[in-house]
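Me: I would like to learn how to read the features of a protein model, one at a time. Could you walk me through this one?

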Amino acid sequence: MPRPGRSGAYEDPAAALAAAAELLAVLHARGQDGVTPAVSPSQLRALLAVEAAEGVNLRTLGEVLGSRPPSVTRLCDRLEAMGLLTRSPHPSRRREVEVRLTPQGRTLLDERRAIRVRELSAVLGRMAPGAVEALMTGLAAFREAAAGLYPAGGPPAAAEASASPAREPSPAPEPSTAPAQVPDSA
């Protein structure tokens, strides 16, 4: 919350970051606009997890998502029916099923990223170059500090990430994805 008499300054950095995260969530949600088929946040998390670990089995996908096997199966049923992912038997382990994105699933994620980057770029374009540079430096330090707290890449099933940097069309300030990370929404 802004502290009265401090011209919009925040009492502590965590409160400022929380407010920025709320704004980012709004901008992030705009990535859904105009992209079909529309997917729920849980469906998006599953798609991102599959993208991060292509060929993941259902058990591991459930662990990453923090979901029970029946829920993961139903989620994959819906995503497969939408044409966004495929399930197939593992080539050497008969009882395992692999999950992979379809070209349509990959396109959906790419379209969402392009919209999100456009929204974020519009905001960054309104900032002074020095402020953008300071933001990038601060985000790098934040990611480094978070990596020290969460050596596996982020808090289990709650990390805020969306894409590996190589897939981003512009340098929007978003953290990279590790296979164990899945955002709550993207």
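Reply: Gladly! Let us begin with a term: contact means heavy atoms within 4.5 Å. Keep in mind that this is a predicted model. Leaving aside neighbours within four places in sequence, Asn57 is in contact with Glu96 and Val97.

Me: Which side chains does a polar contact of 3.3 Å join?

Reply: That polar contact links the side chains of Asn57 and Glu96. The side chain of Asn57 also reaches the backbone nitrogen of Arg59, at 3.2 Å.

Me: Is Asn57 buried or exposed?

Reply: The general idea is a cut-off: a residue is buried under 20% relative accessible area. Asn57 has 11% relative accessibility, so it counts as buried. As for its place in the fold, Asn57 is found in strand E1.

Me: How do I read the sheet, and what is the order of its strands?

Reply: Look at which strand pairs with which. Here the sheet is open, with three strands in the order E1-E3-E2 and antiparallel pairing. Strand E1 (56-57) and strand E2 (85-89) stand at the edges; each has a single partner strand, so one side of each is left without a neighbour in the sheet.

Me: How many bridges join E1 to E3, and over how many do E2 and E3 pair?

Reply: Two bridges join E1 to strand E3 (residues 97-101), and these strands run antiparallel. E2 and E3 pair over five bridges, also in the antiparallel sense. You can follow individual partners in the display: Val56 has Val99 as its bridge partner in E3, while for Thr86 the partner in E3 is Arg100.

Me: What about the nonpolar core: which residues touch the most other members?

Reply: The largest nonpolar core has 23 residues, and Leu47, Leu61, Leu79, Leu108 and Leu109 touch the most other members. Helix H2 (41-52), helix H3 (58-65), helix H4 (69-81), E3 and helix H5 (103-125) each supply at least two residues of this core. The largest share, six residues, comes from H2.

Me: Now the charged side chains: how many salt bridges does the structure hold?

Reply: The general idea is that side chains of opposite charge can pair when their charged atoms come close. This structure holds eight salt bridges. In one of them Glu80 pairs with Arg87, the closest N and O atoms being 2.7 Å apart. Glu80 is partly exposed, at 31% relative accessibility, and Arg87 is partly exposed too, with a relative accessible area of 22%.

Me: Which residue meets Arg100 in a salt bridge?

Reply: The partner is Glu98, with an N to O distance of 3.4 Å. Glu98 is buried, with a relative accessible area of 10%, whereas Arg100 is partly exposed at 32%.

Me: And which residues are linked in a network of salt bridges?

Reply: Glu51, Asp110 and Arg113 form that network. Within it, the side chains of Arg113 and Asp110 meet at 3.6 Å, N to O. Both lie in helix H5, three residues apart, about one turn of the helix. Arg113 is buried, with a relative accessible area of 2%, while Asp110 is partly exposed at 33%.

Terms used: Residues are numbered from 1 along each chain as its sequence is written. This is a predicted model: local features need pLDDT of at least 70, side-chain atom pairs count only at pLDDT 80 or more; totals for chains, interfaces and linings use all residues. Side-chain values use heavy atoms; hydrogens and water are left out. Two strands pair if DSSP finds at least two bridges between them. Helices (H or I, at least four residues) and strands (E, at least two) are DSSP runs, numbered from the N terminus. A nonpolar core is a set of buried Ala, Val, Leu, Ile, Met, Phe, Trp, Tyr and Cys residues joined through side-chain atoms within 4.5 Å. Buried means under 20% relative accessible area, exposed over 50%, partly exposed in between (1.4 Å probe, protein chains only). A polar contact is a pair of N or O atoms within 3.5 Å; within protein, one must be able to donate a hydrogen and the other to accept it, and residues adjacent in sequence count only if both atoms are side-chain atoms. A salt bridge is a side-chain nitrogen of Lys or Arg within 4 Å of a carboxyl oxygen of Asp or Glu.
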